[in-house]
Amino acid sequence: MHCDEIRESFADLLYDDPSEASPEVKAHLQTCAECRQELDDLKQTQKYLQGWKDESPLRSVSMARQELKEKRINYWKLARYGAIAAMVLLCFLALANTELTWTKDGFSFRTSLFRRAPDDVSYSKSEVRDLVKRALDDSEMRTNEQNYLMIQKMLDTVEQNHWLYSRTARVSAARSGNRN
């Protein structure tokens, strides 16, 4: 046997009982110092690897995960506090009757705690009735438009379902006709 063929059987010699090796391999190992040295080196490496103990990491993976989770919580707390501050600011601006305007001249900001009613706003009884009547008419017109659109959509859906049902029935009839 050649050295290459013997080296292929080294794994068997390392992990199985060496006494079970074939007589050809034993004879070659007695005559070839190079193969014998390589097998001894592999046995020595195997012995070192069996004695090797894993070291624990400096910090555990669970501790690292916990640190990441705490950092995420801090970001969420910061975002939560920012949202609360924005809501408080918006509530204050709403209560303070804030008026923001943007014109070609620039940006203006005006606020007052109590809104002043314009002096020229006063309606007679007939004007109020007229305003309410126009509002109700407008509301009724919008409701009717929405109802019309919903009914139209419903009719389209019914028509489409009818078309699909009739087509499915024709295909089923055609298939059952082919079977007979």
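Of the chain's 180 residues, 8% count as buried. The model is predicted, and its secondary structure consists of six helices and two strands. The accessible surface amounts to about 16,900 Å², with carbon and sulfur atoms contributing 58% of that area.

**Fold and contacts**
- The order of elements along the sequence is α-α-α-α-α-β-β-α.
- Among contacts between residues at least 6 apart in sequence, 32% join residues at least 24 apart.

**Aromatic pair**
- One aromatic pair is present in the structure.
- Its members are Trp102 and Phe107, whose ring centres lie 5.9 Å apart.
- The ring planes of Trp102 and Phe107 meet at 50°, so the pair is classed as tilted; planes would have to be under 30 degrees apart to count as stacked, or over 60 to count as edge-to-face.
- Trp102 has a relative accessible area of 69% and is therefore exposed, the threshold for that class being over 50%.
- Phe107 is likewise exposed, at a relative accessible area of 54%.

**Nonpolar surface patch**
- Tyr123, Val128, Leu131, Val132 and Leu136 make up a nonpolar patch on the surface.
- Together, these five residues have about 470 Å² of accessible area.
- Val132, one of the patch residues, is located in helix 6, which covers residues 125-179.
- The relative accessible area of Val132 is 45%, so this residue is partly exposed; the value exceeds the 30% that patch membership requires.

Methods: Residues are numbered from 1 along each chain as its sequence is written. This is a predicted model: local features need pLDDT of at least 70, side-chain atom pairs count only at pLDDT 80 or more; totals for chains, interfaces and linings use all residues. Side-chain values use heavy atoms; hydrogens and water are left out. Helices (H or I, at least four residues) and strands (E, at least two) are DSSP runs, numbered from the N terminus. Buried means under 20% relative accessible area, exposed over 50%, partly exposed in between (1.4 Å probe, protein chains only). Contact means heavy atoms within 4.5 Å. Accessible areas come from the Shrake-Rupley method with a 1.4 Å probe; for residues, only the protein chains shown count as cover. Rings of Phe, Tyr and Trp (its six-membered ring) pair if their centres lie within 6.5 Å; planes under 30 degrees apart count as stacked, over 60 as edge-to-face and the rest as tilted. Patches are made of residues with over 30% relative accessible area and no salt bridge: like charges are joined within 9 Å, nonpolar side chains (Val, Leu, Ile, Met, Phe, Trp, Tyr) within 5 Å. A salt bridge is a side-chain nitrogen of Lys or Arg within 4 Å of a carboxyl oxygen of Asp or Glu.
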